[in-house]
Amino acid sequence: MSRDESKLTLWFLTLGALLAWSAVRPHDYFTWFLEVVPVFLGVGILSAIYRRFRFTDLVYGLIWIQAAILIIGGHYTYAQMPLFDWIRDAFHFTRNYYDRVGHFAQGFVPALIAREFLLRKSPLRRGKLTAFLVVSICLAFSALYELFEWQMAVALGPRTNDFLGTQGDVWDTQEDMATCLVGSILSLLLMSGIHDRALEKLKPVHGQD
């Protein structure tokens, strides 16, 4: 087994262990499924394209972190994550802010996914246009996810309350998208240099780039 294959195996095993933990007596299985289904979809897509397009270790690591956020949110629900309940009570916040962590990651991580794909598979180069497109892609996916939440709420009614996790905030949808927007912008500002160095170290693989 090559070094790359060993890292990928560890990636899958640790994520699988976390997923198995989350499936043991979650808040409720309906909410758990809705929260973790993006993980299954993402892992399926990454597995399907792996031999043709392998991301940098940096991006795979960030994807793992975002998947972990989703899985933990699925176990507890975003409105009842215990650590953030404690933070809410300790600092006298008005809500549990774990969902904001999730939506920040929804911008921060996909920004580097989109940036890497555009830089490696399109004529685009590093610069303002690429940054603009990356942020636009992240915001578009955030809006798409909010539309998905809306349709689930319309179709299933109160059963989706834990999934929506609005906690009584009428502006929750807009604040979620704004948090994603901030996450994508900060990702480009803070991580572009690190990402460029990771791209330079990427070994060419037959059939890629």
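**Exercise 1.** How many Å apart are the mean positions of the positive and negative charges of the chain?

*Solution.* Start with the source: this is a predicted model, in which local features need pLDDT of at least 70, side-chain atom pairs count only at pLDDT 80 or more, and totals for chains, interfaces and linings use all residues. Residues are numbered from 1 along each chain as its sequence is written, and side-chain values use heavy atoms, with hydrogens and water left out.
Step 1: decide what counts. Lys and Arg are positive, Asp and Glu negative, while His and the chain ends are not counted.
Step 2: place each charge at NZ of Lys, CZ of Arg, CG of Asp or CD of Glu.
Step 3: take the mean positions of the 19 positive and the 19 negative charges; they lie 12 Å apart.

**Exercise 2.** State which secondary structure the chain has, and compare its radius of gyration with the globule rule.

*Solution.* Step 1: helices (H or I, at least four residues) and strands (E, at least two) are DSSP runs, numbered from the N terminus. The chain has eight helices and zero strands.
Step 2: the rule, for a radius taken over C-alpha atoms, is 2.2 Å times the number of residues to the power 0.38.
Step 3: for 209 residues a compact globule would have a radius near 17 Å; the chain has 18 Å, so the two agree.
Step 4: the C-alpha trace spans about 50 × 40 × 35 Å along its principal axes.

**Exercise 3.** Check the span of helix α6 and say what covers its buried residues.

*Solution.* Step 1: the expected span is 1.5 Å times one less than the number of residues.
Step 2: α6 (residues 128-156) has 29 residues and should span 42 Å; its end C-alpha atoms are 42 Å apart, so expectation and model agree.
Step 3: buried means under 20% relative accessible area, exposed over 50%, partly exposed in between (1.4 Å probe, protein chains only). Among the buried residues of α6 are T130, C138, Y145 and M152.
Step 4: their cover includes α2 (29-49), α5 (98-121), α7 (161-164) and α8 (172-201).

**Exercise 4.** Are T77 and H92 buried or exposed?

*Solution.* Step 1: most residues other than glycine have a negative phi. T77 has a positive phi near 75°, and H92 one of about 60°.
Step 2: T77 sits in the loop between α3 (57-76) and α4 (82-90); H92 is in the loop between α4 and α5.
Step 3: T77 counts as buried because its relative accessibility is 1%. H92, at 69%, counts as exposed.

Conventions. Contact means heavy atoms within 4.5 Å.
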